Amino acid sequence: MTIETTTDPRFSGLPGRPGKIIAVHLSYSSRAAQRGRTPEAPSYFFKASSSVAASGSTVTRPAGTELLAFEGEIALVIGIPTRNVSLADAWDHVGWVTAANDLGLYDLRAGDKGANVRSKSGDGFTPLGPRLLDARRLDPTGLRVRTWVNGALAQDDTTGALLFPLAQIVADLSQHLTLEPGDVILTGTPAGSSVLQPGDVVEVEVDAPEAGLATGRLVTTVADGDGPGFDPTLGALPSVDDTQRAEAWGSPASAIPGSSTAAERDERAERDESDPTDASRLDTDLRDALFRLPVAALSQQLRKRGLDDVTIDGVHALHPDRRLVGTARTLRFVPHRPDLFETHGGGYNAQKRAFDTVGAGEVIVIEARGETGSGTLGDILALRAHARGAAGIVTDGGVRDVDAVRAVGLPVYAAGAHPAVLGRKHVPWDHDVTIACGGTTVQPGDIVVGDADGVLVIPPPLVREVVEAALAQEEEDAWIAARVAEGHPIEGLFPLDATWRARYEAERTQR
């Protein structure tokens, strides 16, 4: 085999400088599920050979950008000229296997319009190495790829989960062009890819567990770029939106707009943990008090504080005797449109992601625009939420399989029942965003409380104040009820006038 050799340290993990680098878009079932689409055949894009870097290199995130994402992958290095080879013979044309990190800058994807030229070919965006494994000693169906970020395992998958076997990728490409010795094929990444921050260290390793062979860890450190950034007079500038953030981070729930450095991210996390108004935390005392307090009492206190539009109207409990208390996880449906359902309705869509990731003590709150002409959940999703420890579900749409959902035992509030599936009226669009449910705004982390009277939403910063005031009011109301039961007239007693107030305070002090 003839390969162009070089002393350039960038290519120290390869037999020489590759003539071309070809990457596969979607190839692992886990990644396809995450993206909500499964391709029928492999598709490809090119990366510049100047983007290659060796293990131990540093990659720079350009100034003015935020979405530099890693993708741990298995790289194939072609050993002999390959053109129009059969599936059975394709693996014989692979010379070596190594580890790759198919780095990409999502900020530039819009300008690339699918070509990935700028978003994937930046200097240092294709680390490869550190060691080559002889493909003749490997079973292509028994390889594993793993990725670590700052020492934590982020990706772990095997070629057994590929949508398209490695040999198929080689054979398919050979139908269209000649693969030359030294060419590199990046074979796609499994689920778990996400965004890196300056200061992060990412490591990728490919191994063959049964053969006891491994590439060793391919190490890359991220640095923050300085300087003025991209010149607006020369071409498209970096741009991001919620879709790009969600795809770069892996999901809307994990997207962190505006992140800069790993140290700042850690500092923010520590600050959030110590923040008593943190929406994700509801301590035991508050939770117990909310379970005891009627929703009507809480509503009264919220009204006193100017919040008169925090009830989720039009929903009814499948279990009127069950209380609902938890923090909100939100899910938004938009009106059905065939083209949008084609892109967002199938696969691992927003609805499935929300139910698959709901945490203990959380309430899934669904925006369905009051449309009850189809279900927004059924028994399978209710079972999943129950298994995850969810506190309940609230939807201003319909429920299908209503008897089976009721049998799960999870507190569920819905606007009605309907036998039709989701796609009749809705497209699952996104989750963990601000939504409107039953006429009120709900944000992730809001406190959701429900009983037979209905469901209301409490802003987290107010919850302690509202609970303490409601408990005090309940104590007062119980005392008033006892006086009424003794035969006293309502006048002056409800509400307490000065005379009755003095008597109440005196008895309360004695207790």
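Modeller: A residue counts as buried under 20% relative accessible area, as exposed over 50%, and as partly exposed in between (1.4 Å probe, protein chains only). This is a predicted model, in which local features need pLDDT of at least 70 and side-chain atom pairs count only at pLDDT 80 or more, while totals for chains, interfaces and linings use all residues. Residues are numbered from 1 along each chain as its sequence is written, and side-chain values use heavy atoms, without hydrogens and water.

Phe-494 lies in the loop between α14 (463-485) and α15 (498-510), where helices are DSSP runs of H or I with at least four residues and strands are runs of E with at least two, numbered from the N terminus. Together with Val-484 and Ile-490, Phe-494 makes a nonpolar surface patch of about 280 Å².

Most peptide bonds are trans, and most residues other than glycine have a negative phi. A cis bond also joins Gly-129 and Pro-130, with omega of about 0°, and Pro-130 sits in strand β9 (residues 126-134).

As for phi, Asn-84 has a positive value near 55° in the loop between β6 (72-78) and α2 (87-90), and Asn-84 is exposed at 54% relative accessibility. Asp-432, with a positive phi near 60°, lies in the loop between β24 (426-431) and β25 (435-437), but Asp-432 is buried, at 17% relative accessible area.

Conventions. Patches are made of residues with over 30% relative accessible area and no salt bridge: like charges are joined within 9 Å, nonpolar side chains (Val, Leu, Ile, Met, Phe, Trp, Tyr) within 5 Å. Accessible areas come from the Shrake-Rupley method with a 1.4 Å probe; for residues, only the protein chains shown count as cover. A salt bridge is a side-chain nitrogen of Lys or Arg within 4 Å of a carboxyl oxygen of Asp or Glu.
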